[in-house]
Amino acid sequence: MKTESRLEKVLASGNLAVTSECGPPRGALPDKVREKAEMLRGYVDAINVTDNQTAMVRMSSFAACVIIKQMGLDPILQMVTRDRNRLAMQADILGAYAHGIDTMLCLSGDHPYFGDHPQAMNVHDIDSIQFVQMVHQMREEGKFMGGGDILNPPKMFIGAAANPFADPFELRVARLAKKAKAGTDFVQTQCIYNLDKFELWMKGVRDRGLHEKVHILAGITPMKTAGMARYMKNKVPGMDVPDEVVDRMAGVPKEKMAEEGIKICVESIQRLKEVKGVSGFHIMAIEWEQKVPEIVEKAGLYPRPENL
Amino acid sequence: MITAERKPLEEIVASVKPFQRILLVGCNECVTVCAAGGRKEVGLLASALQMHFMTEGKTIDIKEITLERQCDPEYVEELNVHMDQADAVLSMACGCGVQEIARRYREKPVFPAVNTKFMGASERQGVWAERCQGCGDCLLGLTGGICPIARCSKRLLNGPCGGSTTGKCEISPEVDCVWQLIWDRLKALGMQDRYEDIMPAKNWQTGRGGGPRKIIREDLAE
């Protein structure tokens with residue numbers, strides 16, 4: 001084992017891993033964090049805590065991770081290169097590890113343009129691949145990016161994002177290869193609605209043996225309404241929602257839409273379980289965390305492995 | 001070149017309002033090429049200001065002059081003969097020109113009439129786009145001659161983010177995804193395998209991160 005990460009242990013055991021996420025509140029509301037995380041207890045192996053997602057200010061991922069850790073659960077510290085330079089990032093990684101946080105996700109982050117502070121300067125001192133390299137070097141060599149020695153180096157299990165649906169598609173496998181080369185242990189993918197395209201990407205991944213270097217957790221997001229499906233199709237950059245999915249959501253009465261969304265999501269998991277190289281699922285139920293247990297159970301991913 | 005755009009007239013009016021005699025100084029270099037602060041724009045702004053103050057029942061004296069290069073002390077000296085008759089200077093040069101005047105004429109207030117934008121190139125008639133951020137350590141040789149520092153919204157050095165869609169950046173369909181451009185170019189050059197070399201974290205010391213920069217050429221410096 002490279003780390004103490006529970007997620008690493010689950011993946012190493014050969015079980016399909018399950019992660020989900022909590023968006024921290026837009027206020028100093030620790031109970032809100034606890035409430036969301038509690039819904040996931042026992043149903044997931046680790047909980048991603050987003051870092052100012054969609055470039056909106058929220059409680060810091062680090063602080064929310066500490067709250068979740070204190071509940072005896074396993075948070076995944078998300079961190080974006082948009083808001084911090086290399087000094088601040090490394091400082092927070094030391095701090096997080098000192099609080100027992102041992103798993104993180106390295107991202108570049110949504111552009112401030114999309115958020116509530118479009119006036120903000122985006123930092124991007126380093127990019128997401130250099131970020132992975134940095135955390136990897138901290139763990140493996142016990143050295144800061146600047147070369148200095150770290151006392152008690154943080155041993156982070158290192159995650160990154162992968163979007164098989166963004167363009168240029170032909171570069172997407174190479175991009176994963178680059179993330180693997182940088183030292184990524186696992187990736188969580190963009191929400192998958194176009195399963196055919198995902199499988200095509202996975203074929204490219206397997207052809208290069210990348211699934212043996214990096215654990216791939218397939219991203220799943222249940223749709224609540226046909227409106228949400230249309231929004232994701234048309235408005236969210238890098239999202240691929242086929243017409244069939246939108247039509248299927250729109251084809252049921254309004255009060256049945258949520259149920260249909262869960263059904264689509266469970267069917268997707270069932271199909272993706274059969275895809276060689278998929279090591280687990282990352283279920284992002286945006287402001288709908290209470291549905292995660294139901295999805296996990298219906299998808300046959302419950303109970304979660306114990307005593308690893 | 002350095003690109004600029006003229007400030008809104010109201011802002012310029014507010015800055016020169018307290019003064020009677022204005023020396024309006026253009027520049028014959030970059031701002032002329034990007035039609036922001038050359039001889040022609042100096043003339044247009046002078047007229048616009050005269051008209052504006054006339055409607056307010058006020059007259060002001062505007063002396064128009066366009067220097068060969070406003071960021072060069074040698075040419076700025078040409079303003080000497082006019083300075084005594086000016087209460088304030090309004091500069092249509094980039095920020096470098098404005099500062100050169102401020103440095104040379106310490107007692108004279110100087111106001112910018114343009115917003116300096118970026119180092120860029122002309123894409124077509126009337127359109128300029130950013131090309132360089134002056135990082136001080138050019139990496140264009142590695143990226144097919146296309147700069148991800150200046151042209152990626154997230155300054156990514158190792159490939160496109162997850163928001164690249166049909167060749168466009170996630171922030172706007174008007175913005176090209178620079179990594180799509182770089183990838184297409186690497187392919188055209190048969191250099192695709194270059195893509196998987198990890199570009200290490202940038203040393204920003206050669207750029208603005210190292211503080212205000214200066215070039216000293218011992219062979220030329222006096």
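Which residue of β8(A) does A:Ser20 stand opposite? In this predicted model, A:Ser20 faces A:Ile283. Because the model is predicted, local features need pLDDT of at least 70 and side-chain atom pairs count only at pLDDT 80 or more, whereas totals for chains, interfaces and linings use all residues.

The barrel of chain A is a friendly place to begin. Here 8 strands close up in the order β1-β2-β3-β4-β5-β6-β7-β8, with parallel pairing. Helices (H or I, at least four residues) and strands (E, at least two) are DSSP runs, numbered from the N terminus, and two strands pair if DSSP finds at least two bridges between them. Axes are lines fitted to C-alpha atoms, for helices over the stretch in contact, and angles run from 0 to 180 degrees between N-to-C directions.

Strand β8(A) covers residues 278–283 and pairs with β1(A) in the parallel sense over 4 bridges. Strand β7(A), residues 215–220, also pairs with β8(A) in the parallel sense, over 5 bridges; in this pairing A:Ile216 stands opposite A:Val278. Of the 6 residues in β8(A), 5 are buried. A residue is buried if 20 or more other C-beta atoms lie within 10 Å of its own, exposed if 12 or fewer, and partly exposed in between, with C-beta atoms placed from the backbone.

Helix α3(A), residues 61–70, lies across β1(A), β2(A) and β3(A), and runs at about 180° to β3(A).

The axes of α9(A) (residues 243–250) and α10(A) (residues 257–273) come within 9 Å and cross at roughly 145°. From α9(A), the contact takes A:Val245, A:Arg248 and A:Met249, and from α10(A) it takes A:Met257, A:Glu260, A:Gly261 and A:Ile264. Two residues are in contact if their C-beta atoms, placed from the backbone, lie within 7 Å. These residues divide into 4 nonpolar, 1 polar and 2 charged. For such counts, Ala, Val, Leu, Ile, Met, Phe, Trp, Tyr, Cys and Pro are nonpolar, Asp, Glu, Lys and Arg are charged, and the others, Gly among them, are polar.

Chain B contains an open sheet of 4 strands, ordered β3-β2-β4-β5 and paired in parallel. β3(B) (61–67) and β5(B) (110–112) stand at the edges with a single partner strand each, so one side of each has no neighbour in the sheet. Neighbouring strands are turned by 25° against each other on average, direction ignored. β2(B), residues 21–27, pairs with β3(B) in the parallel sense over 7 bridges, and B:Leu23 stands opposite B:Lys63. Helix α3(B), residues 39–55, packs on the sheet by touching β2(B) and β3(B), and its direction makes about 170° with that of β3(B). Helix α6(B), residues 95–104, touches β2(B), β4(B) (88–91) and β5(B), making about 175° with the direction of β5(B).

Which residues of α6(B) are buried? They are B:Gly97, B:Val98, B:Glu100 and B:Ile101. Seen down the helix axis, they fall within an arc of 160° and so line one face of α6(B); the arc is that of the directions from the helix axis to the C-beta atoms. These buried residues pack against β2(B), α4(B) (73–76), β4(B) and β5(B).

B:Gln70 sits in the loop between β3(B) and α4(B), and it counts as buried because it has 27 C-beta neighbours inside 10 Å. Among the residues that B:Gln70 touches are B:Gly97 and B:Glu100.

Finally, the two chains meet in a contact that takes 28 residues from chain A and 25 residues from chain B. On the chain A side, α5(A) (128–140) and α6(A) (172–182) each supply at least two residues, and α6(A) gives the most, with 6 residues. By class, this side of chain A has 12 nonpolar, 9 polar and 7 charged residues.

How values were computed:
Residues numbered from 1 in each chain as written. Chains lettered and ligands numbered in written order. Lists of a residue's contacts leave out its neighbours within four places in sequence.
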